[in-house]
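Thanks for coming. I will take one structure today and go through it piece by piece. Please have a look at the sequence and the model first.

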Amino acid sequence: MLYERELSETLKRMNCLDFKYISMSKILYHKIITYLITNNGTDIVQSDENRVNFVNILKNWIASNDTQGIIDFENLIKDKKYSKFTDENCQKYELFLSKIDRCIASIRNMFKGKEDILGGILQDFGDNIRASGNPFDENLTARSNLYSISEQANFIIKFYRNRKDKDNRNSHFVIECFRNPYEIDYFRRRYYEFYLFSILSDYQYRQARSNFSKKRDCRDQGKDNRLEELNKQNVTKCVHMSDISVCNNDEDSIFKNKLLKYLALIVNPGCIRPSSNETNMDLAYSISLRSKCISRQVGAVIINTDGYVLSTGWNDVGEGQISCGIRYAGDFGKVDNENLVCHTSEDTSFREFITRENNPDHSICFKDQYSKYKNPQKPIKRLEYCRALHAEENAILQASKIGGIGLRGGKIYTTTFPCELCAKKIMQVQLSEIVYSEPYPESISEEVFLKDGIFKPKLTQFEGVKSYSFFRLYKPLLDKKEAQHLEDLSNQALKRTRE
């Protein structure tokens, strides 16, 4: 429930907040333009006609606009030499930023009807910048390049926070469209008051929007990314890192009210109480940290019809077995089979494969290794190769181990949508609702197992404050009694001043 008075007062105070909008898509254009200014396009080789047209538009735009001194000014920002800012170079830089918007508009007009092509070009250039710092070089040269686009966005923030004309300075920013986890990591390391919102919308709603593209959407999600492709877009991982999840399947007015609620929490932590969904999902995330799985950590919490917690679970191997997180490749050449079970008919050759193909100091996933061993040309990851019980399974089994507790009609909170194996067990114990935070990759659970028969559990996409920021947003600096006492003292001081 809301603390109505505290929320009302917080919303009044928020009227003075002045947010500056920054688009990561625009920052991408900015990086390409400044690269062309610096290098004059002499090292660019583009064989694709659409890419040639794209680059030529930018070159013509640079030639027809005054960009002299822009790079030097950005170097002042980079070196934090704010005392050397002048009214003239600040105004010129802001004009440069505003003209980029017009350049983007002309490019979009040029590619009208070819939105997928334009989207692909920008995705390629973004991946390349995070790989090499160069929009036209796809080779990953240094890990620091992963932060290139975020660093450019931060230059813009520094400019607006330190510009010469103080009346036009900004201290609050909204940054839109993070597409890579390292972009988020960059800001989270630098700003304590950085909060990441994941705006979630069901596929049918996104599909209905005019600018939707299935091809771009799949690439944005990072579905085909290999482990080493850290520079590529991976919105799925970005969602996992978010502080607050907001569903956007409703009307604009409802969506804006949701944003206001969470903004109020950021401005005045503790002005709103956490919902039961938020509390139980926070517990599920906390429980997930017990997992020693090296792929993903999942937590689950089951409550009864009265809202009491019945059991918890996390994904891990059976009790008494050695988890993947503490099974190292080098151990397979040293420890006998009784202590490090492989349970394969090809025990010796499989152990040799593990020690040959892996760094001896790295933890190994049995499922991944056995898939590669059985199908070296095209490994197929199969759930039955996984040694671990999933979080939902463990939560259900925990209740059975305790005994005397019925789960029928209860509700399960899980940090990741149930896989096919867990969905069948949830149906069997007849849990009435599944509240999940993140989708399970390529799962058919919802389409097949959870819609079959007369019993169909309710599926609820979690929205609210996530575990990453749960405590700092819901725990006020002062307890209620202290806050009230401080307010009384302030009112008394104000009264004496007026007298």
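Predicted model: local features only at pLDDT ≥ 70, side-chain atom pairs only at ≥ 80, totals over all residues.

When I say helix, I mean a DSSP run of H or I with at least four residues, and the runs are numbered from the N terminus. With that in place, Ser132 sits in helix 6, which covers residues 115-132.

Is Ser132 buried or exposed? Its relative accessible area is 15%, and the cut-off for buried is under 20%, so Ser132 counts as buried. The side chain of Ser132 reaches the backbone nitrogen of Asn134, at 3.1 Å. Leaving out residues up to four places away in sequence, Ser132 touches Asp137, Asn139, Thr141 and Asn145.

Now the overall picture. The protein has 499 residues, and 44% of them count as buried. There are 19 helices and 10 strands. The C-alpha trace spans about 75 × 75 × 45 Å along its principal axes. If you take the contacts with a separation of 6 or more, residues 24 or more positions apart account for 69% of them.

Next, one helix pair. Two packed helices are described by the angle between their axes and the distance between the axes. Helix 4 is residues 70-78 and helix 5 is residues 87-110; their axes come within 11 Å and cross at roughly 110°. That makes helix 4 roughly perpendicular to helix 5, because angles of 65 to 115 degrees are put in that class.

Which residues meet there? From helix 4 we have Ile70, Phe73, Glu74 and Ile77, and from helix 5 we have Asn89, Cys90, Lys92, Tyr93 and Phe96. Sorted by class, that contact has six nonpolar residues, one polar and two charged.

The loop between helix 4 and helix 5 contains Lys81. Lys81 has a relative accessibility of 37%, so it counts as partly exposed. For a sense of distance, Lys81 and Gln484 are 403 residues apart in sequence, and their C-alpha atoms are 44 Å apart in space.

Asn60 is exposed, with a relative accessible area of 53%. From Asn60 to Ala142 is 82 residues in sequence and 31 Å in space, again C-alpha to C-alpha.

On to charges. How many salt bridges does the structure hold? The count is 24. I will go through three of them and then a network.

Lys26 forms a salt bridge with Asp101, and the closest N and O atoms are 3.2 Å apart. Lys26 lies in helix 2, residues 24-39, and Asp101 lies in helix 5, so the pair ties together parts that are 75 residues apart in sequence. Asp101 is partly exposed, at 40% relative accessible area.

Then there is Glu393 with Lys425, where the closest N and O atoms are 3.1 Å apart. What about the burial of the two partners, Glu393 and Lys425? Glu393 is buried, with a relative accessible area of 11%, whereas Lys425 counts as partly exposed at 35%.

The remaining example is Arg226 with Glu228, whose closest N and O atoms are 2.8 Å apart. Glu228 is partly exposed, with a relative accessible area of 48%.

The network comes next. Asp48, Arg51, Asp124, Asp127, Arg130, Glu183 and Arg219 are linked by salt bridges.

Some of those residues turn up again around Gln233. Gln233 lies in the loop between helix 10, residues 214-221, and helix 11, residues 235-240. At a relative accessible area of 5%, Gln233 is buried. Not counting residues up to four places away in sequence, Gln233 touches Gln123, Asp127, Arg130, Arg179, Arg219, Asp220, Gly222 and Asn225. Among these, Asp127, Arg130 and Arg219 also belong to the salt-bridge network.

That is where I will stop.

How values were computed
Residues numbered from 1 in each chain as written. Heavy atoms only, no water. Axes fitted to C-alpha atoms, helices over the stretch in contact; angles between N-to-C directions. Helix = DSSP H or I, 4+ residues; strand = E, 2+ residues; numbered from the N terminus. Parallel < 35°, antiparallel > 145°, perpendicular 65-115°, else oblique. Contact = heavy atoms within 4.5 Å. Nonpolar A, V, L, I, M, F, W, Y, C, P; charged D, E, K, R; others polar. Salt bridge = Lys/Arg side-chain N within 4 Å of Asp/Glu carboxyl O. Buried < 20%, exposed > 50% of the residue type's maximum accessible area, 1.4 Å probe, protein only. Polar contact = N/O pair within 3.5 Å; in protein donor to acceptor, adjacent residues only side chain to side chain.
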